[in-house]
Amino acid sequence: MKLKYEDYENTARRAVSEGVVLLKNKDNVLPIKKDARVALFGRIQSHYYKSGTGSGGMVNAGKVWTFPEAFKRENIKLNEELKALYEEFDKTHPYDMGAGFGSEPWSQEEMELDKAVAKKAAGESDIAIVIIGRTAGEEQDYRNEPGAYKISETEKNMLMTVREAFDKMVVIMNVSAVLDMEDVEKAQPDAILYAWQGGQVGALGTVDVIVGNVSPSGKLTDTIAKKIEDTPAFPNFGRIDYNCYAEDIYVGYKWYSTFNKKAVLYPFGFGLSYTSFRVDPKECLIRDHMGKIISMEDLIFANKTIAEKGAVIEVSFVVENTGNYPGKEVVEVYLKAPQGKLGKPAISLAGFTKTKELKPGEKALATVKIDPYLISSYDDLGVTGHEYCYVLEEGEYEFLSGDCSDNLKKAGGFTLAETLVTEKLSQQMAPIKAFRRVRPRQDNTVEEGFKPEYEEVPLAKVKDIDVAKNDNPKCEAYNGDKGIKLIDVKNGKATMDEFIAQLSDEDLAAIVRGEGMGSPKVTAGTAAAFGGVSPALKNFGIPCGCCSDGPSGMRMDCGTRAFSLPNGTLLACTWNTELNEKLFGMLGIEMTKNKIDVLLGPGINIHRHPLNGRNFEYFSEDPLMTGRMAAAQFRGLKSAGVSGTLKHFCGNNQETHRHDIDSVISERALREVYLKGFEIAIKEGGADSVMTTYGAVNGSWTNSRHDLCTCILREEWGFKGIVMTDWWAKIGDVDGKISRNDFARCVLAQNDFYAVCPDAAVNSSDDNLLSELASGGITRGQMARCAANICAFLENTHAFERINGKEPKLELEGFDDAEGGIDAANVEYFDIEDGTVIDLSNVLSVQGCLYAFGLNVKKPGCYKMVITGKSDLSELAQIPIGIFFQSIPSGTFTFNGTGGEYKSLERKVLLSNKYGVMRFYFGGNGLKLKDLKFIYEKDYDPALGWDGYADYIKG
């Protein structure tokens with residue numbers, strides 16, 4: 001496998017330029033001329049938001065380009081006096097990183113802009129560019145308030161002041177997700193560019209569009225509503241106990257097109273270009289799995305089911321660039337289906353494709369392929385006569401195309417004389433809590449033609465736990481070590497059943513425990529080790545697989561540099577699956593370089609509500625878009641011999657109280673919306689790793705649901721792979737026993753391993769696996785099933801190759817020069833207990849340097865750290881050492897000059913994991929360190945979480 005760092009950068013940069021979305025461009029103010037004089041406003045200009053917060057964005061990137069740097073690379077003349085004002089403001093108002101996990105503020109304090117400053121800048125500049133920055137993430141939903149989802153007062157004043165002073169004003173939204181745009185629109189900017197968060201080269205890719213190196217081709221994968229109160233999930237979001245998904249399948253544009261078109265500010269699929277295109281429908285036809293053209297009648301058996309599973313509907317177009325700029329165009333195809341007995345959205349995305357770059361006057365043929373199954377509807381009521389089936393109801397089906405969901409024309413279609421069954425299934429995951437869901441009622445007095453009415457949701461007829469207990473696979477009896485290694489299974493010399501029969505009950509218990517975070521058995525500072533976590537398991541030739549947090553690149557808390565990719569929303573807004581596949585193929589090679597087998601991403605939950613903090617990790621409000629992007633990224637990873645992890649399975653649409661919230665969702669909405677992206681990624685992308693959620697769906701935690709992890713995932717979709725919990729997730733039922741150590745319940749569900757335990761080789765989490773096995777609560781066959789899933793997955797990893805003496809061949813160019821940082825292989829681990837002293841006398845404490853060391857905490861708890869050092873600088877000198885534990889900011893040691901005498905400083909820290917990596921960042925010169933001592937102070941109670949110790953740490 002070959003990869004040049006420069007190619008990696010350029011591919012990511014291209015993804016940014018194709019994913020930023022131009023919403024407004026009055027009088028073609030963009031692109032700016034190369035000789036333009038630019039005035040940059042907004043303090044985030046020097047602190048580009050590369051990603052959201054939490055595990056999804058904690059990539060230790062090397063160089064993160066800022067907007068001033070990006071403009072200077074293009075030889076754009078910036079107003080240096082204005083730039084200096086912001087730099088001075090930065091010194092007196094330093095960037096606030098927050099303290100602790102999920103505590104970074106949504107926005108940074110903005111500089112008050114004086115009218116005289118703006119007026120002077122206007123006299124010296126041709127155009128103003130105002131940058132608005134926002135972030136959110138894990139455990140931090142946005143709030144509907146200024147400085148978060150809304151524009152702050154200072155930002156409003158800045159926008160109005162700049163507008164008053166300048167003839168031309170452009171607004172760049174360097175944000176994690178869609179924000180409230182009311183106050184931005186009031187300022188009447190000439191252009192608005194949603195730049196999202198583009199990773200370490202995000203500013204470069206955005207400026208490529210601003211200066212005209214690339215014509216924008218990004219399209220929204222969400223609807224931007226005028227008011228948050230008009231969003232479909234608004235009445236049912238933000239509770240701390242449960243949320244009823246009363247909007248049902250009518251998420252995003254499906255709601256607005258059916259019930260409230262006037263609420264839309266910018267529609268789904270919208271995005272401007274510097275050129276123009278003509279898209280003419282050519283033909284609509286059906287092909288069988290061999291590519292032969294067939295009729296709709298050829299698809300149907302006498303019993304009204306699909307006879308030709310491989311058939312696709314093809315809608316083709318001739319696309320012509322009719323403007324004066326080279327550019328790419330997205331062809332969007334929507335379905336208008338008959339309302340029938342089930343009721344349906346006015347339109348649904350049926351397929352899409354993106355052209356190559358077309359020169360002015362150039363034409364290209366674009367074909368959109370549509371799977372009949374993916375445009376069918378699920379009947380959870382039985383009103384069509386086909387209960388628990390996907391159906392195409394009788395009537396007229398129209399395919400519509402256009403440049404967004406609000407501007408469509410007919411491109412083809414077909415008519416069904418009878419209702420057609422596309423998939424026969426059974427009831428799974430239905431709710432146990434009664435609630436009412438929306439459906440359309442015909443009303444020709446309104447523009448949309450429908451008004452909402454509500455119906456009772458069908459409830460579950462069986463208990464999932466009963467089904468789980470009765471699903472008892474057979475396995476060979478334990479027969480001891482017969483000399484069979486896992487490679488013998490791979491080579492066909494033994495069966496998996498014969499191999500697993502060698503594992504003792506203790507081995508089976510160990511293999512369903514993931515170990516972490518920061519396990520020394522795999523790459524330092526990563527999320528988990530799984531598989532061969534004990535000496536006995538390793539002796540059978542089972543390797544330790546390595547998981548790293550994602551999806552925006554690899555998180556390695558030891559300080560190893562990694563490439564920071566654009567966030568999920570930006571990548572989806574490219575509408576370019578080929579580009580996503582290429583980029584993630586490169587990420588896969590970088591993972592191989594760092595001995596990481598599994599990326600914990602892509603995140604593919606639905607953008608149900610704009611306040612969800614993790615929307616930046618996810619793709620869209622639409623499940624087809626979500627599934628297609630995830631499949632592309634998975635294909636890319638697999639091309640490098642590594643894998644990703646689809647998360648969070650499923651219904652993870654709120655961070656507030658995410659460990660406890662119960663998402664109450666109809667079976668139809670689950671299947672058509674919240675599960676559909678996972679299904680597509682598995683069937684089209686070969687996804688073979690899935691992570692369940694922190695929260696519950698319909699009364700049970702997802703890691704405890706047999707219907708989810710077995711019936712739907714494996715039996716219906718044919719999934720072959722592993723299922724893991726989210727880290728330290730709760731287990732159980734809303735109305736029953738809830739714990740974090742009922743691993744037996746996960747085994748019943750076929751959630752293969754629990755992530756994570758301090759030491760997986762022993763029962764360090766006090767789990768109930770062996771006690772439940774002894775009492776008959778679970779069987780050896782159920783444990784062996786999970787073990788077989790894990791081993792089968794590991795057979796196809798680079799870790800498996802390495803344990804068998806084969807190292808992947810890599811040809812890398814430019815990585816060492818570009819990334820730098822700490823080599824994970826050289827991180828030293830220390831046993832930490834009361835009184836441990838680490839010698840720091842040889843640590844290079846020079847400004848900009850990092851020092852990382854691993855911790856093997858013998859007794860998790862609250863510790864006082866005492867660091868000793870000396871400096872010959874003056875007493876007024878300040879030499880800060882930033883402290884990061886698991887990449888989370890954990891405070892600062894700040895030395896002054898000590899007259900050459902050793903001095904000690906204290907800082908309290910919570911060491912809640914057995915393993916971890918601590919990192920020191922040296923912010924100044926002139927310090928000589930001696931040692932670091934740990935003093936144990938009190939126990940750690942997991943029930944309190946990090947927040948419960950915030951006062952102690954600050955103390």
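Visitor: Which backbone nitrogen does a side-chain oxygen of N576 reach at the start of α15?
Guide: That of E578. The model is predicted, and in it the oxygen comes to within 3.2 Å of that nitrogen.

Visitor: How many residues does α15 have, and how far does it reach?
Guide: Helix α15 has 17 residues, 577–593. From first C-alpha to last it reaches 25 Å. That is close to the 24 Å expected at 1.5 Å a residue.

Visitor: And what follows it? Which residue just after α15 takes a positive phi?
Guide: K595, with phi at about 55°.

Visitor: How many residues of α15 are buried?
Guide: 12 of the 17, so the helix is largely enclosed by the rest of the structure.

Visitor: Which residues of α15 meet α1?
Guide: L579, K582, L583, M586, L587 and E590. On the α1 side, the partners are D7, Y8, T11, A12, R14, A15 and E18.

Visitor: At what angle do the axes of α1 and α15 cross?
Guide: Roughly 145°, and the axes come within 10 Å. Helix α1 covers residues 5–19.

Visitor: Left-handed or right-handed crossing?
Guide: The crossing of α1 and α15 is left-handed.

Visitor: New topic: the core. Which residues of the largest nonpolar core touch the most other members?
Guide: I32, F41, F71, Y194, F499, I500 and W727, out of 173 residues. Helix α22 (residues 780–794) gives the largest share of this core, with nine residues.

Visitor: What does F499 touch?
Guide: Leaving out residues up to four places away in sequence, F499 touches I484, K485, L486, V489, F540, I542 and C791.

Visitor: And how many residues does the second core have?
Guide: 54, in a core that is separate. Among them are A572, I604, I665 and A669.

Visitor: Now W196. What is its phi?
Guide: About 55°, positive although W196 is not a glycine. W196 lies in the loop between β7 (191–194) and α7 (202–210).

Visitor: Is W196 buried or exposed?
Guide: Buried, at 1% relative accessibility.

Visitor: And S887, where does that lie?
Guide: In the loop between β42 (879–885) and β43 (888–895). Phi of S887 is near 70°, also a positive value in a residue other than glycine. S887 is buried, with a relative accessible area of 15%.

Visitor: Last one: how many residues of α18 are buried?
Guide: Eight of the 10, so helix α18 (residues 676–685) is largely enclosed by the rest of the structure. Its buried residues include F678, I680 and I682.

Visitor: What do the buried residues of α18 pack against?
Guide: Strands β18 (389–392) and β28, and helices α16 (623–639), α17 (667–674) and α19 (706–716). After α18 comes G686, with a positive phi near 70°.

Technical notes: Residues numbered from 1 in each chain as written. Predicted model: local features only at pLDDT ≥ 70, side-chain atom pairs only at ≥ 80, totals over all residues. Heavy atoms only, no water. Core = buried A, V, L, I, M, F, W, Y, C linked by side-chain atoms within 4.5 Å. Buried < 20%, exposed > 50% of the residue type's maximum accessible area, 1.4 Å probe, protein only. Helix = DSSP H or I, 4+ residues; strand = E, 2+ residues; numbered from the N terminus. Contact = heavy atoms within 4.5 Å. Expected span 1.5 Å × (residues − 1). Polar contact = N/O pair within 3.5 Å; in protein donor to acceptor, adjacent residues only side chain to side chain. Axes fitted to C-alpha atoms, helices over the stretch in contact; angles between N-to-C directions. Left-handed = near helix turned anticlockwise from the far one by under 90°.
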